[in-house]
Amino acid sequence: MLKKWFELIFDHRIGLRERMFRVVTGICMVALVIILPMGRSFANLLILAASLACIWTIVKVSIQRECIHTGATVITIMLLILFPVSFFTAGGFYSGMPEWFVLCFIYISITLEGRRKIGFFLLCTTETLLCYYIAYYFPEIVSRNTQSNSFFGSATSVVMVGILTSVLLLFVTRLYEEENEISKRQKKEIEELNKAENNFFSSMSHEIRTPINTIIGLNEMILRGDIPEDVAENARNIQGASKMLLTLINDILDLSKIKSKKMEIINVSYETGALFSEIVNMIWIKAREKGIEFRLHVDSSIPSMLCGDEVRIKQILINLLNNAVKYTSEGSITLSVRCERLTLNRVRVWYSVEDTGQGVKKENIPYIFNAFKRVNEEKNRHIEGTGLGLSIVHQLVELMGGEISVNSVYTKGSTFLVMLEQDIVDNKELGKFTLETRVRVREEEQYRQSFEAPDAHILVVDDNEMNLMVVRKLLSATKIQLDTALSGRECLRLAQIQHYDAILMDHLMPEMDGIQCLHALRTQPGGMCQDVPVIALTANAGSDNQLLYRKEGFSGYLAKPVSGALLEAAVLSILPKELVRLSEDDTQSEIGKDVLIFEQAQRTFLTVSTDSVCDLPESLKKEFGISVCPYYVCTDEGRFLDEIELKADELLSHIAEGKNGFSLPPSVEDYERFFAEQLTKTQNVIHITMAKHASQGYSNALEAARSFENVMVLDSGHLSSSMGLIVLYAAHMAENGATRTDIVRTVKNWDVISLPLS
Ligand code: ADP
């Protein structure tokens with residue numbers, strides 16, 4: 001029986017509460033066997049036998065009926081009755097009984113819960129004190145004990161209670177340790193499951209994108225042809241359905257990323273005007289098609305450059321605006337942007353999307369941000385949607401530390417308000433921003449060839465033959481000579497014998513992936529494509545890949561499935577201008593959200609950059625194309641960006657007034673942002689900093705440069721004007737085609753070099 005009892009206690013399939021109940025009650029039963037005979041009367045023995053039988057039954061019944069808490073309560077009541085009886089019959093405080101009261105306290109604390117625990121604790125305390133009180137003031141009630149009996153009773157009780165509580169603690173600790181171990185194991189299993197689920201979603205998204213690429217690409221070819229209207233209608237429907245499927249995949253992928261905490265917020269500097277134009281360009285035409293007016297109010301005082309996750313902000317606003325168009329059948333939708341300055345370099349931006357559509361019923365508003373929840377189903381059955389959009393928007397806003405709220409009047413319209421705080425990069429105000437000045441007409445459905453380049457030769461690398469065929473067909477009108485390679489190895493072989501003007505490279509390929517292939521191309525001995533711009537053409541969706549591809553040295557990236565217009569826009573932006581003949585009415589094709597070109601024009605090969613502490617006049621910096629990463633100036637009034645927010649003269653007059661002013665170097669993240677921006681304009685950066693013993697700038701820049709392949713950080717070994725002179729000379733060398741090694745040697749040996757006077 002004892003063996004079975006042990007087995008039950010350590011059986012993990014049984015709940016922890018039940019096992020604890022068994023342990024503690026078992027120990028209390030042992031305690032009863034020990035203490036009740038202390039009274040040494042027949043009545044005591046009878047009470048003992050009856051109590052043990054009772055407790056045994058209570059344990060069995062309460063476990064069977066799954067009412068452990070009630071069982072424990074009944075046993076506590078029995079103990080509270082039995083212990084005083086024993087106390088008075090065994091000799092009061094001249095016996096071993098007082099120690100057993102301690103066991104009663106332990107039993108209550110382990111087996112009872114909530115208010116009951118507190119109640120019985122108080123009861124036990126009162127009872128103990130009452131027993132002592134009675135024994136003290138009415139000693140005649142207490143049965144008399146000889147001194148040897150008292151001595152024996154007390155000693156055995158201390159030892160027994162000690163042993164029993166130790167055993168109890170050992171059991172309890174062991175149980176907790178085991179439970180802890182199990183929960184750790186389960187946590188790991190859940191993490192692994194999440195990882196597997198996430199991998200499944202990304203590979204599923206990749207796998208689904210590949211056939212959709214073929215469907216959309218070939219469908220576009222059908223639409224480009226001279227076809228009867230009914231066929232065109234069908235083809236347009238296929239186009240619409242494929243895009244819907246794509247949105248769904250992107251949403252599921254985003255949701256799984258948020259769930260697994262893999263969604264990263266990447267803050268970069270961006271132009272507020274460009275962001276609004278892009279959004280407006282994507283939405284206004286949809287509104288026009290539905291006959292809805294699109295209004296825009298942008299606070300003219302909003303800074304022209306902010307630092308935030310541009311991609312996600314766009315995603316949030318486009319989602320809200322798309323919904324506004326979707327759920328409005330007449331009237332207008334309005335995007336308003338308002339800004340509130342928090343400090344000199346931080347703003348709070350309020351984006352509001354208002355519509356005069358169907359609105360949301362009051363009782364549905366609390367559920368509107370739930371995933372997969374669509375409200376007003378009876379009205380919206382004919383409107384496409386999955387109920388994922390707002391849930392993603394809500395979680396993205398939270399990830400960015402912002403707030404989102406909704407105000408809606410059923411049948412009248414809704415207003416979604418998003419608040420995001422962002423850092424200011426350029427304090428210059430955006431000024432008047434109107435729809436008329438920004439909107440460019442985009443006829444999405446109608447393909448119009450943008451350029452021809454019969455002399456250009458490009459290579460497309462993809463392990464999927466269908467994808468290669470789609471790209472070939474989509475670019476056929478441009479008359480570009482196009483080679484294809486089915487693997488990275490094949491690409492390297494071709495690059496050894498042929499120079500290409502541009503390469504489009506798939507990312508996920510077996511054996512050698514696109515990134516490995518790009519690195520191999522750049523360092524290929526005797527390779528003819530070492531400096532050729534390469535665009536990542538990838539089904540590995542997710543706009544946060546931007547940083548990855550940029551860091552790896554791609555010139556841009558295109559997400560599959562890609563339309564003909566986007567593909568042409570991407571190729572056009574990297575082909576040498578002399579090879580391209582623009583179409584008559586070409587207004588540089590628009591680059592939509594699925595394409596990101598890191599270099600709009602040919603990048604220079606090498607530029608020299610430095611920090612704002614180099615003391616170079618603006619005119620010289622401009623003349624030699626020297627980019628400057630600003631230091632911070634800290635004054636009594638706050639922290640300012642050197643030369644951007646606080647000019648040298650202002651600082652001097654500030655110091656002349658006897659106030660404090662000292663400079664702080666940019667942080668590692670500041671340098672990372674700066675280098676990433678430089679690499680959109682140049683292929684290699686040499687960044688020259690102030691002497692490393694004088695500032696932390698050098699080590700921060702060096703740390704930041706580790707994230708980039710083509711950034712080199714040099715210590716000028718000097719301060720201010722001398723440093724400026726070195727930077728100027730290095731920039732002059734770069735402009736005249738000096739190699740990286742030459743410039744590095746010059747900067748390192750500056751003290752022994754005599755400058756030419758001219
Ligand atoms: P869906 O894909 O269904 O549009 P969302 O998560 O974007 O999913 O929206 C959830 C629900 O909220 C929608 O089904 C719709 O009922 C309601 N909703 C969202 N935006 C609006 C709006 N501007 N006007 C009215 N109802 C809206």
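**The ligand and a pocket**

A: An oxygen atom of the ligand is 3.3 Å from a polar backbone atom of Gly389, which is a polar contact in the sense of a pair of N or O atoms within 3.5 Å. This is a predicted model, in which local features need pLDDT of at least 70 and side-chain atom pairs count only at pLDDT 80 or more, while totals for chains, interfaces and linings use all residues. Residues are numbered from 1 along each chain as its sequence is written, and side-chain values use heavy atoms, with hydrogens and water left out.

Q: How many residues surround the ligand?

A: A residue counts as near a molecule if one of its heavy atoms lies within 4 Å of it. Here 20 residues surround the ligand, and the closest are Asn323, Tyr327, Arg374, Thr386 and Leu390.

Q: How should I read an empty space in a protein?

A: Rolling a probe the size of a water molecule over the atoms shows where empty space is left. On a 1 Å grid over the protein atoms alone, a pocket is an open set of points where a 1.4 Å probe fits, with protein on both sides within 12 Å along at least five of seven lines, and lining residues have an atom within 4 Å of a point. In this structure, the second largest pocket holds about 1,100 Å³ of space, and among the 36 residues that line this pocket, Val425, Val628, Pro630, Leu641 and Ile644 lie nearest its centre.

Q: Which classes of residue make up the lining of the second largest pocket?

A: The lining of this pocket has 13 nonpolar, eight polar and 15 charged residues, where Asp, Glu, Lys and Arg count as charged, Ala, Val, Leu, Ile, Met, Phe, Trp, Tyr, Cys and Pro as nonpolar, and the others, Gly among them, as polar.

Definitions and conventions:
Grid points are joined across faces, edges and corners, and a volume is the space filled by probe spheres set on the points. A polar contact is a pair of N or O atoms within 3.5 Å; within protein, one must be able to donate a hydrogen and the other to accept it, and residues adjacent in sequence count only if both atoms are side-chain atoms.
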